[in-house]
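Q: Could you take me on a close look at one part of this structure, the place where the ligand sits? I am new to this, so please go step by step.

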Amino acid sequence: MSSAKRKILVTGSSGQIGSELVPALRERYGTQNVVACDIKPLQEGSGPFELADVTDREALEGIIRKHRIGSIYHLVSILSAAGEMNPNLAWSVNIESLRNVLDLALQHKMEQVFWPSSIAAFGPHTPRIHTHQLTVMDPNTMYGITKVTGELLCNYYFVKYGLDVRCLRYPGIISWKTPPGGGTTDYAVAIFHGALREGRYECFVAADTVIPMMYMPDAIRAAIEFTSAPRSRLHTHLGYNLAAMSFSARELAKEVKRHLPGFVCTYKPDARQKIADSWPKSIIDDRCSRKDWGWKPRFNLCRTVEDMLNHLRVVVPGPR
Ligand code: VAH
C-alpha cells in the first residue's frame, strides 16, 4: 500500500478499527510513515497524529500536503444505530468526508484509497442466506445507504479516473481494545464487559438474532492483505464480501458461559432489532475475496470468546 517516499494517512484513527489498524500499519511500514488523524484527541501511542475534521476539505488537504500522503485508509463513519438517531449527520460525515478523500486522492495522484463498507449495505430484500457479491442492495438505514452510496462512488472514481479505491464489506467486528460506538452489533462486545463486571448482561437484540461477525485480528489482517494485493488481481472496486463466522446472540452467550459458568444473559430487544433483522443472517458468500486476493479467516466463535476474555480479564474489574 505505501510507496517508500510518500506516507499513509489513517482517518478515524481513534475508532474501533483505526485504533488497531494504525499500530499494525506502523509495524509494517514504520511508525513515522503512518499518520493518524481523528476529530478526537489521541488517547495513547506515539507517531504522527493530526487532530482534524475530515469533512473540512481544506483541513484534510493541509494534512496531505504537510505529510506528503500517498495513500489513505479512510475509516471515518457514523455507525448504524447512531446514524438512525441523526441521519443528516450520518450522511454528511460518511459521504462528504469520503468525497473529500476521493477528490484529494485524485488531485494529489495518490497510489490507493481503502474504505470499509459493511454488510449493512444489504437490506430487507437482499437474500439473507449466503448473500452473493452482486445482489439486491436496498438498505433501510442511513448508515447502510451511505455504504451503498460510498461503494458506488469508489467504483465511479476507479472506472472514470482510474483511482485505485478498494472497499471491503465488513461484518460486525468484535474487539477488546477500543469500545465500538453506536453500532447495532455492539452487543457482541458489551456482553463480555457485562459478564466480567457483573456476571450478567441484558442483550438489546433477541436471543435468536444471527448476524455475521469477525474478530478484530482477522479484520485488520484482511485490510492489510487486501490493500497489498496487486491491483491486477481485483475484479471489482465495489465492496468485496468478507466473511468469518455467524452466530446467534444465544450461541454467543452460551460460549461466554462456558468460561464463566455463573454468567446470565437476558434479552430485551430495542429499536436496533429492526436494523439487525434487515441484514444477512449466514456468513456472506466471500468466494470473490478468497479467489481474487486469497482471503481466509482464522478466528471462529470459540477462539474469539477465549481471546476476548483472556484480554478483558486483565482490564475489566469485577467478580469472576
Ligand atoms: C454497526 N458495527 O453495527 C457496525 C457494522 C455490520 C454492522 O457495520 O453499525
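**A look around the ligand**

A: Let's start with Ser80: an N or O atom in the side chain of Ser80 is 2.6 Å from an oxygen atom of the ligand. Keep in mind as we go that this is a predicted model. Tyr143 also reaches the ligand through its side chain, where an N or O atom is 2.7 Å from a ligand oxygen. With Thr184, look at the backbone instead: one of its N or O atoms lies 2.7 Å from an oxygen atom of the ligand. Taken alone, the ligand exposes 280 Å², and the protein buries 95% of that.

Now step back to see the surroundings. The space taken by the ligand is the largest pocket. Around the ligand you will find Leu79, Ser80, Ser118, Ile119, Tyr143, Pro171, Gly172, Gly183, Thr184, Thr185 and Trp279. Sorted by class, this shell has five nonpolar and six polar residues, and no charged ones.

Where in the chain does the shell come from? Domain 1 puts 39 residues into the contact between them, and domain 2 puts in 37 residues.

Notes. Residues numbered from 1 in each chain as written. Predicted model: local features only at pLDDT ≥ 70, side-chain atom pairs only at ≥ 80, totals over all residues. Heavy atoms only, no water. Near = heavy atom within 4 Å. Polar contact = N/O pair within 3.5 Å; in protein donor to acceptor, adjacent residues only side chain to side chain. Areas by Shrake-Rupley, 256 points an atom, 1.4 Å probe, with all protein chains shown as cover. 1 Å grid on protein atoms, 1.4 Å probe; cavity = no way out; pocket = protein on both sides within 12 Å on 5 of 7 lines; lining within 4 Å. Sits in = over half its atoms within 2 Å of the grid points. Nonpolar A, V, L, I, M, F, W, Y, C, P; charged D, E, K, R; others polar. Contact = heavy atoms within 4.5 Å.
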